[in-house]
Amino acid sequence: MTDALGWRRKFGVIAPSTNTIVEPDFYAMTVPGVTAHFSRIHIRNQDLSDDANFENLLVQIRAEIGFACERVLTCEPDYMVMGMSAETFWGGVEGNREFVSQIKGITGLDVATGAEACERALKLYGARKIGVVTPYQPVGDANVVRFFGEIGFEVTAIEGLKCPTAVSIAHVTEDELRAAILNVNDPEVDAIVQCGTNLSMVRLADEAERWLGKPVIAINAATWWMALRENGIKDKVYGAGSLLRDY
């Protein structure tokens, strides 16, 4: 039998319990016949005030992610989507591969991750030098730079906003994000990448592409784009950047 609403695809989505942005972002970018079904990773301590606390967030995610995957499997999804990004960059290319392998091992399904989605998007655009905006502490930024460096991209500048808690990431304003974009941009930069699925960046990235004249990749848009295209869904989505509109 075909699902009444998700008749094309049902996506199982994993996100931290503290995240208030990625779920409405994915719903806003959905297309007819595709549904997203969220399962939350319980974050008991959301303090991100320094490197040690930031790494503790990853410890919590690793302890809980299996349970979140098992819960969402009960709705019989066709594909998995990661509604978080830090863990997908951690440990560089090999760390990402291990993470994807873990999710596939638990669910038996293919999976879209923010790190791989950004890699695909940057290669599609032919970018080489990038500026990056994150909500992370320095240890998180270091893993982002490592990942992009290992896949052949030069991070010329990175702006880590050092958000003090997991929930406070969603409090970052458009003005702050606009300033961060401009801080990491220069004439040599081919594209801007935003990491952190709890930063509200999709709409601003779409606008920024017009006033910068170059790709601005919001990670939620990139991850959703990868999920759709991997499943043969070519529908255009407007207002979420050139990836979903043109590719």
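Predicted model: local features only at pLDDT ≥ 70, side-chain atom pairs only at ≥ 80, totals over all residues.
The contact between the two domains draws 33 residues from domain 1 and 33 residues from domain 2.

The size of an interface is often given as the accessible area lost when the parts come together. Here domain 1 and domain 2 bury about 2,800 Å² between them, with 63% of that area on carbon and sulfur atoms. Within domain 1, the residues that lose the most area to domain 2 are Ile-21, Leu-48 and Phe-89, which together account for 22% of what that side buries.

Polar links also join the two parts. The count between domain 1 and domain 2 is 23 residue pairs in polar contact, both residues being at pLDDT 80 or more. The elements that give two or more residues to the side of domain 1 that touches domain 2 are α1, α2, α3, α4 and α9, and α9 supplies the largest share of that side, 6 residues. The make-up of this side by residue class is set out below.

| Class, side of domain 1 that touches domain 2 | Count |
|---|---|
| Nonpolar | 14 residues |
| Polar | 12 residues |

As for charge pairing, the rule finds 1 salt bridge across the interface of domain 1 and domain 2.

Notes: Residues numbered from 1 in each chain as written. Heavy atoms only, no water. Contact = heavy atoms within 4.5 Å. Buried area = accessible area lost by both parts, 1.4 Å probe. Salt bridge = Lys/Arg side-chain N within 4 Å of Asp/Glu carboxyl O. Polar contact = N/O pair within 3.5 Å; in protein donor to acceptor, adjacent residues only side chain to side chain. Helix = DSSP H or I, 4+ residues; strand = E, 2+ residues; numbered from the N terminus. Nonpolar A, V, L, I, M, F, W, Y, C, P; charged D, E, K, R; others polar.
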